[in-house]
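This report describes the fold of a single protein chain and then turns to selected residues. The sequence and the structure are shown first.

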Amino acid sequence: CCPLRLLHVAARLNSGVRPMRKFTRYFVIAAAVTALSIPAAWFGVQRTDAYAAASSYARTSADVRSHVGEVQKIDLAFFGYRIQVVGSDGNANFNLKLNGSIANGILHVDLVRHGTWQVKGSRLVLTDGQEISISR
């Protein structure tokens, strides 16, 4: 009775069914966490001082306005950002999708932080493929 039952239980444990279920469960949990954390980071980045400085620059830069016109809408590319902050110093870059009254394009903005965020440089790529270096 008992030895047969133990063999049966051991055979089920060694069959690989149980560990596969565990792997699948952990895989689904990891995929769900990843799927939720990416949009959360994207929304969070749009509330940072660095993003505020980049979007303000996009709206107020005379050089940007001369190529796209008045900026009517700014969107952050889903994977178009990087921020690194250590204490009061940091670096950031953003790929901002601009819809202007004259043209549309993507503004690549590089920022540096020494207390406050300052634009280090930028480059505008219009939808027709024209690439323009923008002075600060």
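A salt bridge is taken here as a side-chain nitrogen of Lys or Arg within 4 Å of a carboxyl oxygen of Asp or Glu. By this rule the chain holds two salt bridges, which are described below.

The model is a predicted one, in which local features need pLDDT of at least 70 and side-chain atom pairs count only at pLDDT 80 or more, while totals for chains, interfaces and linings use all residues. Residues are numbered from 1 along each chain as its sequence is written, and side-chain values use heavy atoms, with hydrogens and water left out.

## Overall architecture

Helices (H or I, at least four residues) and strands (E, at least two) are DSSP runs, numbered from the N terminus. The chain has four helices and five strands, and their order from the N terminus is α-α-α-α-β-β-β-β-β.

Of the 136 residues in the chain, 27% are buried; buried means under 20% relative accessible area, exposed over 50%, and partly exposed in between (1.4 Å probe, protein chains only). Accessible areas come from the Shrake-Rupley method with a 1.4 Å probe, and for residues only the protein chains shown count as cover. The chain exposes about 9100 Å², of which carbon and sulfur atoms supply 58%.

A contact means heavy atoms within 4.5 Å. Among contacts with a separation of 6 or more, 46% link residues 24 or more positions apart.

## Strand pairing

Two strands are paired if DSSP finds at least two bridges between them. Strands β2 (residues 89–100) and β3 (residues 104–114) run antiparallel and are joined by eleven bridges. K97 has I106 in β3 as its bridge partner, and the hairpin of β2 and β3 has three residues between the strands.

Strand β3 also pairs with β4, again antiparallel, through ten bridges. In this pairing R113 stands opposite W117 of β4. One residue lies between β3 and β4 in their hairpin, and G115 in the turn has a positive phi of about 95 degrees.

Strand β4 (residues 116–126) is in turn joined to β5 by four bridges, and the two strands run antiparallel. Four residues separate β4 from β5 in this hairpin, where G129 in the turn has a positive phi of about 100 degrees.

In a regular strand the side chains alternate between the two faces of the sheet.

## Salt bridges

Side chains of opposite charge can pair when their charged atoms come close. The table lists the pairs.

| D75 | K73 | 3.6 Å |

## Selected residues

Which residue in β5 is the bridge partner of S122? The partner is I134. S122 itself lies in strand β4 and counts as buried because its relative accessibility is 10%. A polar contact (a pair of N or O atoms within 3.5 Å; within protein, one must be able to donate a hydrogen and the other to accept it, and residues adjacent in sequence count only if both atoms are side-chain atoms) joins the side chains of S122 and Y57 at 2.8 Å. Leaving aside residues up to four places away in sequence, S122 touches Y57, L107, H108, V109, S133 and I134.

V85 lies in strand β1 (residues 71–86) and is partly exposed, at 42% relative accessibility. With residues up to four places away in sequence not counted, V85 touches G90, R113 and W117. The C-alpha atoms of V85 and R113 are 8.1 Å apart, although these residues are separated by 28 residues along the chain.

F23 belongs to helix α2 (residues 17–45) and is exposed, with a relative accessible area of 53%. Together with F27 and V28, F23 makes a nonpolar surface patch of about 340 Å². Patches are made of residues with over 30% relative accessible area and no salt bridge, with like charges joined within 9 Å and nonpolar side chains (Val, Leu, Ile, Met, Phe, Trp, Tyr) within 5 Å.
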